[in-house]
Amino acid sequence: MIQTGTLKKKTAWATQEVAYEMRYLDKSDLPSIMDLQSLIVSRLTRKDLLEAFPYEFMKVHINERGFIIGIFVDKELIAFRNVYFPGIDDQEWNLGYDIGLKQANDLGNIANLQMICVHPDFRGNSLALRMNTKAIQRIKRLNRYTHLCATVSPYNYWNVRILLNCGFIIKELKYKYQDKLRYVLYQHLIKPFKGLWTQHTINKRLTDIDSQMALIKEGFIGIRLNEIPGHIPQSIADNANGFEVVYSKINWDQGGVNQDCW
Ligand SMILES: CC(C)(COP(=O)(O)OP(=O)(O)OC[C@H]1O[C@@H](n2cnc3c(N)ncnc32)[C@H](O)[C@@H]1OP(=O)(O)O)[C@@H](O)C(=O)NCCC(=O)NCCS
């Protein structure tokens, strides 16, 4: 068991407090994982927010090339977080290639925070943040991985905020998984550089893709998410328009910053 506690279950009729258990998943949990993934996919506000995994790929995450943390309420899986350890030659899932890592000893030491899903009735309990925190602690304890990466759609502002709050910075913005726009996020697991940036910042809306791509080309990194006051979304899919990413540059003078991918 990783953690137990209570959380709020929200339905259209009521909010109730329920007990939960967080634990590592094993292969017997695969049917529940696939069911929850299907439900989440059927309720997405934009179809390009999530890259659904086929059964066989999901399976290798469990104790082969990664691990999955799950949360249960009344013995039912209501949330999970995948971690994946990509192979050194895996051009699709080794995100080191996307952020400019070149050395074999870097490309061979990468972990990805891969997929995260929380059942709609249980959102708003910071379950993603809680599972990410436990996942990162475990990856660090394994003592084998130097670089941590993740991808997220710029239109998924909920998850962008969560990942930035977990110590990531935005290092790249590009098309991945054939045709899906993704930020590639990065953190160094041994020499974190949180806070080591210059005072000069530039804000860009999550939806202003071209300007963000241009800034990243100039060496800017995304460090924070700000809400734009007064934005009234026309629909839930329009929520991302109400947020902007704060971009800055690494302050090389402060020292201690790992330069592997710059
Ligand atoms: C990303 C995700 C896991 C975050 O869930 P979470 O941990 O419950 O999020 P938080 O607790 O930080 O939620 C903060 C607020 O945003 C809301 N929120 C979070 N995700 C939301 C979503 N997808 N749609 C609408 N509102 C959402 C919560 O209800 C909460 O609102 P409140 O403050 O009024 O209670 C969840 O949105 C999700 O499962 N999304 C679908 C799958 C996905 O896109 N995964 C990422 C790509 S792999």
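Helices (H or I, at least four residues) and strands (E, at least two) are DSSP runs, numbered from the N terminus. With that in hand, let's take a walk through the structure.

## About the model

This is a predicted model, in which local features need pLDDT of at least 70 and side-chain atom pairs count only at pLDDT 80 or more, while totals for chains, interfaces and linings use all residues. Residue numbers start from 1 along each chain as its sequence is written.

## Q37 in helix 1

Helix 1 (residues 30-42) is where you will find Q37. This residue counts as partly exposed because it has 19 C-beta neighbours inside 10 Å; the class lies between buried (20 or more other C-beta atoms within 10 Å of its own) and exposed (12 or fewer), with C-beta atoms placed from the backbone.

Apart from neighbours within four places in sequence, Q37 is in contact with A52, F53 and C117. Contact here asks that two C-beta atoms, placed from the backbone, lie within 7 Å. Q37 also sits 9.3 Å from A79, C-alpha to C-alpha, although 42 residues separate the two in sequence.

## The loop between strands 3 and 4

D74 belongs to the loop between strand 3 (66-73) and strand 4 (76-84), and K75 has its place in the loop between strand 3 and strand 4 too. Neither is a glycine, yet D74 has a positive phi of about 50° and K75 one of about 70°.

## Helix 4 meets helix 5

The axes of helix 4 (residues 127-142) and helix 5 (residues 157-165) come within 10 Å and cross at roughly 35°. Axes are lines fitted to C-alpha atoms, for helices over the stretch in contact, and angles run from 0 to 180 degrees between N-to-C directions.

On the helix 4 side, A128, L129 and N132 meet N159, I162 and N165 of helix 5. Sorted by class, this contact has three nonpolar, three polar and no charged residues. Nonpolar covers Ala, Val, Leu, Ile, Met, Phe, Trp, Tyr, Cys and Pro; charged covers Asp, Glu, Lys and Arg; the others, Gly among them, are polar.

## Around the ligand

Of the 18 residues around the ligand, R123, G124, A128, W158 and N159 come nearest. A residue is near when its C-beta atom, placed from the backbone, lies within 6 Å of the molecule. Twelve residues of this shell are nonpolar, five polar and one charged.

Strand 5 (110-118), helix 4 and helix 5 each supply at least two shell residues, and strand 5 gives the largest share, four residues.
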